[in-house]
Amino acid sequence: MEDKKKVIFSGIQPSGDLTLGNYLGALKSWVKLQDEYECYFCVVDLHAITVKQVPADLRKRTLEMLAIYIASGIDTTKNTLFIQSHVPAHSELSWLLTCNSYVGELSRMTQYKDKSQKSVNSGDPIIAGLFNYPVLMAADILLYQTDLVPVGIDQRQHLELARDIAGRFNNAYSETFKIPEAYIPKAGAKIMDLQEPTKKMSKSGENPNGAILLMDSPDVIRKKISRAVTDSVGVVNYTDDQPGVKNLINILATIEGITPEEVVARFEGKGYAEFKKEVGEAIVRELEPVQQRVKDLLSNKKELEEIYKAGAEKANYVAMKTLRKTQKKIGLIPR
């Protein structure tokens with residue numbers, strides 16, 4: 001008998017433009033998981049509304065995010081792709097888990113402390129959703145009896161909370177949820193800001209030239225790479241003493257599937273101008289087909305609609321089994 005595949009759950013908020021770092025660090029690694037695991041990839045639109053959104057923009061970005069998943073190589077026949085708000089069990093389980101969570105543990109969440117402090121500094125009220133959303137994240141994961149969650153360092157704390165809540169519920173009401181583990185992919189290069197190469201590339205960076213956005217045009221990509229910070233050494237070396245050059249090496253190595261040492265050997269005796277030109281062209285070659293597929297999908301909303309409806313139907317079937325079990329354990333009458 002064939003062993004049952006382990007379940008992976010992951011999602012990205014449709015709250016802004018994805019960067020080359022998101023693409024190389026998350027989406028490309030998701031593509032590698034789809035044959036080995038049962039994968040649920042979700043556009044987590046409910047998480048996006050912890051910050052005030054323009055409704056038309058949120059709808060547009062949600063569909064674009066789904067299109068990007070597919071264009072990046074995520075196969076809709078092998079994976080479950082869906083929009084979070086299309087599976088009501090996420091919100092329902094979130095409330096049940098909120099009633100099994102503690103104010104103390106939620107207030108210790110680093111992201112809550114950082115973001116709430118920004119609200120205090122700007123004189124804005126702190127949104128309750130900002131406080132509670134790690135519980136929604138726990139619900140996202142636990143609904144699918146998830147074995148593994150791909151997480152970066154900034155999300156490890158939220159996964160630990162999901163594990164704590166699941167364990168607490170299981171102890172109180174008997175075995176209900178699988179305790180998820182972190183999935184740590186084989187060491188991949190972290191893509192850094194092109195203008196501040198000691199910081200991770202982010203869509204919210206201060207300098208727009210620091211991040212290559214997934215949908216940037218070829219000319220914009222080439223310009224951003226040509227302006228990338230390097231140094232006065234003038235030699236392509238893979239060393240922490242040359243963080244800007246090291247970052248560009250990582251980008252090229254990741255795209256071409258070669259080692260940083262092979263990149264260094266290729267550019268021995270060559271200057272930064274030639275090196276940057278090749279990095280820029282490699283990014284353009286990598287992203288152009290992705291961008292074209294995204295545009296094709298967004299111009300054919302019917303195909304996208306069929307994909308997200310089928311995904312929600314499959315996700316809903318699995319999620320409802322967990323939700324009904326949870327409701328029954330707590331003492332709610334099944335509907």
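Modeller: A definition comes before that. On a 1 Å grid over the protein atoms alone, a cavity is a set of points where a 1.4 Å probe fits but cannot get out, a pocket is an open set with protein on both sides within 12 Å along at least five of seven lines, and lining residues have an atom within 4 Å of a point. Grid points are joined across faces, edges and corners, and a volume is the space filled by probe spheres set on the points. This is a predicted model, where local features need pLDDT of at least 70, side-chain atom pairs count only at pLDDT 80 or more, and totals for chains, interfaces and linings use all residues. Residues are numbered from 1 along each chain as its sequence is written, and side-chain values use heavy atoms, with hydrogens and water left out.

Colleague: Which residues line the largest cavity?

Modeller: G16, D17, L18, R61, E64, M65 and I68. The space in that largest cavity is about 40 Å³.

Colleague: How does that lining divide into nonpolar, polar and charged?

Modeller: It has 3 nonpolar, 1 polar and 3 charged residues. Here Ala, Val, Leu, Ile, Met, Phe, Trp, Tyr, Cys and Pro count as nonpolar, Asp, Glu, Lys and Arg as charged, and the others, Gly among them, as polar.

Colleague: And the second largest pocket, what volume has it?

Modeller: About 370 Å³. Its lining has 16 residues, and K4, V7, Y144, Q145 and V318 lie nearest the centre. β2 and α13 (301-330) are the elements that give two or more residues to this lining, and α13 gives the most, with 6. By class the lining has 5 nonpolar, 2 polar and 9 charged residues.

Colleague: Switching to strands. What does β1 pair with?

Modeller: Strand β2 (residues 38-43), in the parallel sense, over 6 bridges. Two strands pair if DSSP finds at least two bridges between them. G11 stands opposite C42 in β2.

Colleague: Is β1 buried or exposed?

Modeller: Of the 6 residues in β1 (residues 7-12), 5 are buried, meaning under 20% relative accessible area with a 1.4 Å probe, protein chains only.

Colleague: Why does the length of α8 agree with expectation?

Modeller: At 1.5 Å a residue, the 18 residues of helix α8 (residues 156-173) should span 26 Å, and its end C-alpha atoms are 26 Å apart, so the two agree. The expected span is 1.5 Å times one less than the number of residues.

Colleague: What follows α8?

Modeller: S174, with a positive phi near 85°. Within α8, the buried residues include L161, I165 and F169.

Definitions and conventions. Buried < 20%, exposed > 50% of the residue type's maximum accessible area, 1.4 Å probe, protein only. Helix = DSSP H or I, 4+ residues; strand = E, 2+ residues; numbered from the N terminus.
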